[in-house]
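The following briefing is intended for a reader new to this structure. Please consult the sequence and the model shown below while reading.

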Amino acid sequence: MPPAEVLEIALRSLAVAGGATLLAALFGVPLGLWLALRGGGGAWGRVLLYSGLALPSVVVGLLFYLLLSRSGPLGFLNLLYTPWAMVLAEATLAFPLIAAFVLSGARGRVEEVRLLVRSLGGKERHVLPTLLAESRRTLAAALAAGFGGAISEVGAATLVGGDIRHHTRVLTTAIVVETRMGELQAALALGAVLLGIALLVTAFLVILERE
Amino acid sequence: MRLLALLVLLGPVLALRLATTTSVYDSGLLDRLLEAFFRETGVRVQVLAVGTGQALRLAERKDVDAVLVHAPSLEREALAQGTTAEPYCLAQNAFLLAGPEADPARVREAESVLEALRRIAAQKAPFVSRGDRSGTHLKELELWEKTGLKPQGPWYLESGAGMGQTLVLAAEKGAYTLTDLATFLTVGKKRGLKALYTREDPLLLNQYAFHLVPGSPGEGEARRLRAFLASEEAARIVAGLRVEGTPLFTPLRGRCVFPLRP
Amino acid sequence: MILQAEDLTLTFPGFRLRVPRLALAPGEVLVVLGPSGSGKTTLLRLLAGLLPPEGGRVTGGLRVYLPQTPPLLHRSVLDNAAFGLLLHGVPREKARQRAQARLKEVGLEALAHRPAHRLSAGEAARLALARALAVEPEVLLLDEPTANLDPANALRVEALLRRAAEEGRGVVLATHNLFQARRLGHHLLFLHRGEAVEEGPVAEVFAAPKDPRTQAFLRGEMVF
């Protein structure tokens, strides 16, 4: 595979996974914090959330395929076999991961923050933004986990993206193609690029969290 | 912003979506054909390499505008159901039996492919099947049926994988397998597999046909592609694809080896 | 009166808090004295409005509560000090200015940009006080503010509390330290197992405690 194509695929992986992580965080972080504020959402809340972590990615991919297919309810959006569809599917998979991480990390500090806010005459509505500001480390871990999940996603990505060369091919689906053709060395090389990206992004998040 | 939305919405209409099987895709034939098609018409074709079954299912759901497959029995069904239309027999090549140099079942000496398979079964020599309902797999099952044998047992392995991967597995296990010529030349030979049964045999013929998906958004572009595939230039490209001097395909120019229309 | 409570009751498994009346005038220091487990923290939280009473009510001006170990946020000393003001809607720059002034009062202005979690216990206690005072409360409710401090820091904090009272704020101080009660308090309320056993001006209660439980505690014989 020519280096230019490897770069193209790598950038696409980064963009799709990055977009998916941000989209998932948009919903997952508030949900995690909200559940933390309400004492962890109770047993049912946690069961629901943690089972979201066990969602098989191919099932999510299949569901989105059926949804976005031209004969499906959202077919008119023409999103199937585009990178946007991949962002949606990957975001769905990353969302419970991010929410669970945030919930788990924030739960420990909720009471303390609540006490502080109220003892200074603040209102309950001040607790969430304060908790958010206090959860930097948790947030970084959650985003890293979400991104890691998104960029290594292959089942759903193939089903809704179609692995179309120059259009929806990403590192993981490219690895599958190379392996399928028996080109194991090329597959490994792509795998190394994938790992490299994951490492870079994680390092970036850790640096951000320290500021 | 509105322009972007428009482009996002129009994009899929301006491109043509073609579903094909992994063995066609991996041979590189499509790249060449579609490159020439683009030069001539400016139409970009998006290719999805999926299994034969999935390709036809996508056609059913109108998620693709055309298919290029090699499973005549399934194709006939699709045509009858109206899922696809106007098939054009584009190319043919042959399957062959590949296996280890040692050739424990003495496939080299078999007089027919059916006899070769019988020898493999009798010997219980390791055999790797695609096991994925692909065109190649369906051909393999058809052959076993004709031998009257049911391949079963620890010697019969199903990889559920693409042709290249299956060849890698066969090479690892010193097993026989049914493969198309193109993938064998690009992958199998490199790994020490030998072409053991290569006689011309009508049973081993592999026919690739292009179908339109009627009622799909890209039907118009699909017709242009069909016209291109029926042209002299396309035939030249098909005949010109070689590995180590061996042509991988023979153009059919619409003359189907396995009849598709009722 | 800047703080008043009537017929306060709250039941917990194990004991029942009952305080029939409580009144605090501006500039006054009320010491809530009692052994551990007597309900001092609960009373303070009730007065602060952090707990709803079962019976009775609390009325008064702006109250700020400082728990025994005041929580610090993962930010600079200055931003911690300004936090209370931000909660009350003061714009960030203004909040920082006022917080800086308070830090000067408690002697922490040099540490304004240090991360708060790197402070010593004494510095943290002073930061909490600066944060509380920045909000200009009418009443300060402090739960054992010097329990974890060395004598030098304890005295510094006491000086700050005295000054807060002189500025006209009401101070309610929970402690089990008799000497501190004597030093700082104007009025005293003695709690035992949730019950308001005795109250009155500090000097009087110490000189002539009426209830045998008060007497036992003042003699140093009661632990809980």
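A:H166 lies in the loop that joins α7 (155-161) and α8 (171-180) of chain A; helices (H or I, at least four residues) and strands (E, at least two) are DSSP runs, numbered from the N terminus. The model is predicted: local features need pLDDT of at least 70, side-chain atom pairs count only at pLDDT 80 or more, and totals for chains, interfaces and linings use all residues. Residues are numbered from 1 along each chain as its sequence is written, while chains are lettered from A and ligands numbered from 1 in the order in which they are written.

**Loop residues with positive phi**

- A:H166 is not a glycine, yet its phi is positive, near 70 degrees.
- A:H166 counts as exposed because it has 12 C-beta neighbours inside 10 Å; a residue is buried if 20 or more other C-beta atoms lie within 10 Å of its own, exposed if 12 or fewer, and partly exposed in between, with C-beta atoms placed from the backbone.
- In chain B, B:K124 occupies the loop between α6 (113-123) and β5 (127-129).
- B:K124, also not a glycine, has a positive phi of about 50 degrees.
- With 13 other C-beta atoms within 10 Å, B:K124 is partly exposed.

**Domains of chain B**

- Chain B consists of domain 1 (9-93 + 206-251) and domain 2 (94-203), with bounds from an automatic or database domain assignment.
- The contact between these domains involves 18 residues from domain 1 of chain B and 18 residues from domain 2 of chain B; two residues are in contact if their C-beta atoms, placed from the backbone, lie within 7 Å.
- On the side of domain 1 of chain B that touches domain 2, α2 (22-27) and α4 (52-60) each supply at least two residues.
- The largest share of that side, 4 residues, comes from α2(B).
- That side of domain 1 comprises 4 nonpolar, 12 polar and 2 charged residues; Ala, Val, Leu, Ile, Met, Phe, Trp, Tyr, Cys and Pro count as nonpolar, Asp, Glu, Lys and Arg as charged, and the others, Gly among them, as polar.
- The centres of the two domains of chain B, taken over C-alpha atoms, are 26 Å apart.

**Contacts between chains**

- Chain C places 14 residues in contact with 12 residues of chain A.
- β5 (63-66) and α2 (77-87) of chain C each supply at least two residues of the side that touches chain A.
- β5(C) gives the largest share of this side, 3 residues.
- The side of chain C that touches chain A has 11 nonpolar, 3 polar and no charged residues.
- Between chains A and B, the contact takes 15 residues from chain A and 19 residues from chain B.
- The side of chain A that touches chain B divides into 4 nonpolar, 7 polar and 4 charged residues.
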